[in-house]
Amino acid sequence: MSFMLFEILLWGLFLVSILDANKRWGLKSTALFFFPLFIYGWALEASAIGIFQRYEYGDGFFVTLFGAPLCIAAGWACITYSGICIAKSFTDNHYKIALFTALWGLCIDFSMDGLAVLMGYWTWFAPDDVVLPYFDVPVSNFIGWFIILSFYSFFHLRWQDAKIRKRLLGFDAVLPALPALLLAITIMIGSEYERLFVNLSWWVMMVIFIVPLVIILAVWLFNQRAVLSSEMLQQEHKQSLKVPFFISHAFHAFFLLMAIFVGVTTADWRYFIAAIVAGLPLLAQLLPAKAEAFTPVSYTHLTLPTNREV
């Protein structure tokens with residue numbers, strides 16, 4: 001049952017993302033964003049399973065290809081879309097957008113991955129005699145998330161007006177991330193870095209790795225809350241943020257409810273604590289702010305064309 005709910009969540013948010021992007025960018029720009037990102041997400045999952053064999057997916061997913069559920073690629077795409085859209089509302093700096101998108105996705109994964117392992121959605125394989133202290137999830141998973149989200153976001157925006165975008169059908173944003181990700185994975189697997197953390201508890205891992213990143217994103221959103229919530233924003237601009245925020249809210253709500261269920265049925269409330277901590281940036285953004293004068297950042301020019309294409 002939980003497999004089905006999770007798969008419905010991912011496909012549903014993917015569809016919502018595509019519909020929202022089509023309203024904003026038009027069909028062609030939406031395709032140039034989501035098609036390569038979807039293929040990218042699936043290819044990474046399938047190749048990681050086949051080449052590195054450090055994790056595998058459970059048997060409960062309905063649609064899989066070469067061992068990788070296609071809904072996981074859909075999840076990658078809608079999380080990336082959500083982060084980029086929100087970041088673009090307060091900055092046009094590609095480096096900042098890439099960093100924000102990576103942190104945005106990581107905060108979702110901080111609550112998701114441990115529960116996914118517990119529910120059997122996927123399983124990580126550690127080196128012999130190594131126990132992964134953070135809910136059986138390796139640190140390399142979070143490093144991979146950071147590389148994938150930040151690189152794709154940055155190069156998608158950096159080359160959005162370049163001729164190579166049309167020639168490669170959007171896959172130009174994918175190519176730079178592959179060498180970086182493969183190099184990072186190779187180094188981490190060869191070094192068996194997990195052995196450095198075997199004597200640490202889950203809460204120490206959270207304090208060392210999770211909490212600092214959550215605080216950075218929470219402070220970032222807290223400082224931008226006036227821009228994100230001010231009545232001075234044009235109605236069109238305000239509406240454009242509803243779906244990106246909804247995507248993140250849906251992920252956090254799904255896993256928070258799952259964490260509560262786990263806590264009630266097993267008396268293990270660690271997952272609930274992790275879910276609450278991971279959701280703190282959303283609370284920071286929702287805090288009331290004084291309306292201040294500001295100039296809204298252009299929001300509609302996120303991909304190639306600005307006029308609607310049909």
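I looked up Asp92 and Lys88 and found their side chains paired in a salt bridge, 2.9 Å from N to O. My cut-off for a salt bridge is a side-chain nitrogen of Lys or Arg within 4 Å of a carboxyl oxygen of Asp or Glu. Asp92 is partly exposed at 44% relative accessibility. Lys88 is buried at 5%. Buried means under 20% relative accessible area, exposed over 50%, partly exposed in between (1.4 Å probe, protein chains only).

I noted that this is a predicted model, where local features need pLDDT of at least 70, side-chain atom pairs count only at pLDDT 80 or more, and totals for chains, interfaces and linings use all residues. Residues are numbered from 1 along each chain as its sequence is written, and side-chain values use heavy atoms, with hydrogens and water left out.

Next I asked how many salt bridges the rule gives. The count is five.

Arg54 and Glu194 form one, with the closest N and O atoms 3.1 Å apart. This pair links distant parts of the chain, 140 residues apart. Arg54 lies in the loop between helix 2 (27–52) and strand 1 (55–57). Glu194 lies in the loop between helix 7 (177–191) and helix 8 (202–229). Helices (H or I, at least four residues) and strands (E, at least two) are DSSP runs, numbered from the N terminus. Both Arg54 and Glu194 are buried.

I also checked Asp268 and Arg270, whose side chains meet in a salt bridge at 2.9 Å, N to O. Arg270 is partly exposed, with a relative accessible area of 27%.
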